[in-house]
Amino acid sequence: MSPLLLCGRNVEGLSTFEVAENDMQTDTAKVEIQPNHVEDEKPWKEFMRAFIRHRSALIGSIIILLLILIAILAPVLTSYEYSARSDDLNQAPSAEHWFGTDEMGRDVFTRVIYGARISLWVGFFAVTGSIVFGSFLGLIAGFYGGWRDTIISRFFDILLAFPGILLAIAIVTILGPGLNNALIAIAIINIPTFGRLMRSSVLRVKEEDFILAARAIGMKNSRILFHHILPNCWTPIMVQGTLSFATAVIEAAALGFLGLGAQPPEPEWGTMLSDSRPFIQTAPWTMIFPGLAIMLTVLGFNLLGDGLRDIFDPRMKQ
Amino acid sequence: MEKQTQQTPLLKVHDLVKTFPIRGGLFGKKVGEVRAVDQVSFDVYQGETLGLVGESGCGKSTTGRTILRLYEPTSGEVEFEGKSLLKLSQEEMRQARRDLQMVFQDPFASLNPRKKISDILEEPLIVHGIGNDKERKEQVLELLQVVGLDKHHASRYPHQFSGGQRQRIGIARALSTKPKLIVADEPVSALDVSIQSQVLNLMEDLQEQFGLTYIFIAHDLSVVKHISDRVGVMYLGRMVELADRDELYDNPLHPYTQALLSAVPIPDPEAKRERIILQGDVPSPENPPQGCAFHPRCPYVMDVCKKERPAFVDKGNRHFVACHLIQ
């Protein structure tokens with residue numbers, strides 16, 4: 001007799017047994033093992049717990065939240081206009097002007113907090129733009145392969161062949177200086193990053209059994225792509241998106257510094273740094289505070305991005 | 001478990017071939033090919049379970065997937081209910097999948113980790129436009145009960161289940177469109193022995209309840225013996241023997257089948273039996289031997305085996321075998 005035949009064959013009995021066991025588990029769980037009881041936990045709850053436990057992710061997100069608050073509440077936080085001049089030129093920080101004034105007598109604190117609006121705006125839309133276009137191209141390249149993959153991948157290679165900031169300068173030169181053109185340039189130079197990331201994720205996910213199962217069920221390609229492949233490719237994109245936000249802020253500042261980004265009197269941090277160059281020794285506050293603002297923003301997004309990477313890394317999960 | 005089998009077959013597979021190209025070199029040129037499925041022919045009758053056995057890499061799974069056109073066949077013919085599946089357009093094939101479902105080997109990889117069980121089970125219904133929203137939700141709950149899971153499992157995610165429970169979900173998904181044929185690709189190989197029997201019994205009960213036809217792919221001979229009505233033995237991409245279950249296990253004709261069956265452990269420490277130990281390894285399917293694929297390892301090899309490929313013919317009693325020894 002085969003060993004299999006020795007086992008009981010009572011499917012009905014089995015299911016009632018399983019249900020009873022589950023009920024028992026929930027009962028005991030209430031009493032003692034609540035924290036380890038993950039039976040009905042939703043994935044996002046799991047994520048939130050890991051997130052709060054991860055120190056740098058938490059610090060990063062606090063910095064970012066503060067920045068967003070400051071950007072939104074800028075008019076409330078200061079009594080000055082960011083472009084209003086006064087006769088107090090290059091004054092040191094005081095109770096009246098917390099961060100001092102610049103060479104045109106404008107309040108540096110006001111300009112720095114209004115600058116947060118510009119930097120976050122540029123960062124957000126540039127990164128969103130690169131994610132949308134990059135992911136779309138990567139998705140097509142990875143899923144369909146063949147000539148589409150060849151064309152798209154070579155396009156990425158061409159973009160990557162130039163140093164990012166140089167390419168951005170070239171694009172802005174063609175489009176003309178200005179904040180929106182700088183934003184477009186930053187979005188374009190970041191496309192290959194997301195495109196390649198998405199392509200490699202798609203190549204990995206499309207070999208999974210559940211994709212074969214989706215095909216066996218009779219799903220259309222479009223449904224497989226958007227319901228099964230895409231949702232399983234977001235994690236690295238989210239991590240990279242956070243990290244790229246930081247680079248986008250630096251790139252926007254760099255373009256501003258070179259006079260290709262935001263135009264005066266817009267309170268862009270890079271432009272402010274550029275304007276403060278002649279006064280580094282006489283009025284260092286005009287340089288220190290915008291510089292600190294850039295540093296803090298970049299730090300916040302990098303901390304969050306590194307944290308997210310750790311949290312999403314399956315090897316970190318216990 | 002005798003079933004009425006003297007009728008037109010539900011599925012006819014004739015001379016099915018699937019080769020995979022091997023690419024190499026600087027420009028990915030085709031440098032060779034693997035013949036994963038090599039002229040396999042068999043019929044599957046309504047309501048029966050056809051077991052396919054063989055070692056790893058012998059092409060059982062590829063056969064199953066090629067029948068369902070998850071891999072496009074290189075040549076051959078697959079007829080389902082008298083209609084050729086291979087002549088269907090992509091869209092026609094997609095619709096035909098309603099009647100042809102599959103259960104996968106790995107219960108962990110075959111469920112999308114980001115979807116709830118209710119979504120996983122509802123999706124085939126949405127894809128084939130079955131029922132309205134409310135009817136589908138009801139059917140999902142019904143399916144869960146049919147496979148021995150509970151209603152409250154519907155809102156959970158795959159990682160919250162054990163292997164056996166996940167395989168039940170996989171079976172429920174395959175059942176959802178009320179298919180006629182299910183290709184079960186090693187559905188219990190990844191499960192513990194105690195869970196294996198539960199899943200096998202579930203599959204048998206469902207077969208009775210819904211009049212299902214199974215192609216059951218496995219490498220475990222006792223599992224196949226337990227569930228199959230007929231059994232096909234594959235070696236190196238070829239079907240070497242196909243017969244009714246009892247006939248095959250009691251009277252194996254092909255030397256490979258004999259060796260394979262002698263490897264089944266007997267649950268009796270006193271029992272003595274002669275084991276046939278095959279020499280050498282399975283040859284590479286990239287470069288299969290001339291003539292009979294089994295001849296380099298066959299204890300009864302003759303000259304003709306090295307030159308001519310034996311035909312796969314009925315030796316009486318619906319016992320097909322491809323061997324020069326049996327004439």
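Me: What makes the crossing of α4(A) and α13(A) left-handed or right-handed?

Reply: In this predicted model, the crossing is left-handed. The rule is that the near helix is turned anticlockwise from the far one by less than a right angle.

Me: Which residues of α4(A) and α13(A) meet?

Reply: On the α4(A) side they include A:Ser56, A:Ala57, A:Gly60, A:Ile63 and A:Leu67, and among those on α13(A) are A:Leu296, A:Gly300, A:Phe301, A:Asp306 and A:Ile311. By class, the contact has twelve nonpolar residues, six polar and one charged.

Me: How do you know whether B:Gln279 is buried or exposed?

Reply: Count the neighbours: B:Gln279 has 8 C-beta neighbours inside 10 Å. The cut-off for exposed is 12 or fewer, so B:Gln279 counts as exposed. B:Gln279 sits in the loop between α9 (255-261) and α10 (303-307) of chain B. B:Arg297 is 18 residues away in sequence, yet the C-alpha atoms of the two are 5.7 Å apart.

Me: What makes α9(A) mostly covered?

Reply: Eight of the nine residues in α9(A) are buried, and buried takes 20 or more other C-beta atoms within 10 Å. Those residues include A:Phe210, A:Leu212, A:Arg215 and A:Ile217. Their cover comes from both chains: it includes α8 (179-205) and α10 of chain A, plus β6 (100-103) and α3 (117-127) of chain B.

Me: Which element gives the most to the side of chain A that touches chain B?

Reply: Across the interface, 29 residues of chain A are in contact with 38 residues of chain B. Among the elements giving two or more residues on the chain A side are α1 (3-6), α2 (11-31) and α10 (221-229), but α9(A) gives the most, with seven. That side has 16 nonpolar, five polar and eight charged residues.

Me: What is the chain like over residues 118-143 of chain A?

Reply: That span is 100% helix and 0% strand, with its end C-alpha atoms 37 Å apart. An unreviewed UniProt entry lists residues 118-143 under "transmembrane region", along with others including 282-305. Residues 282-305 come out at 88% helix and 0% strand, with 38 Å between the end C-alpha atoms.

Terms used:
Residues numbered from 1 in each chain as written. Chains lettered and ligands numbered in written order. Predicted model: local features only at pLDDT ≥ 70, side-chain atom pairs only at ≥ 80, totals over all residues. Contact = placed C-beta atoms within 7 Å. Helix = DSSP H or I, 4+ residues; strand = E, 2+ residues; numbered from the N terminus. Nonpolar A, V, L, I, M, F, W, Y, C, P; charged D, E, K, R; others polar. UniProt positions renumbered as here; feature names shortened; annotations may be inferred.
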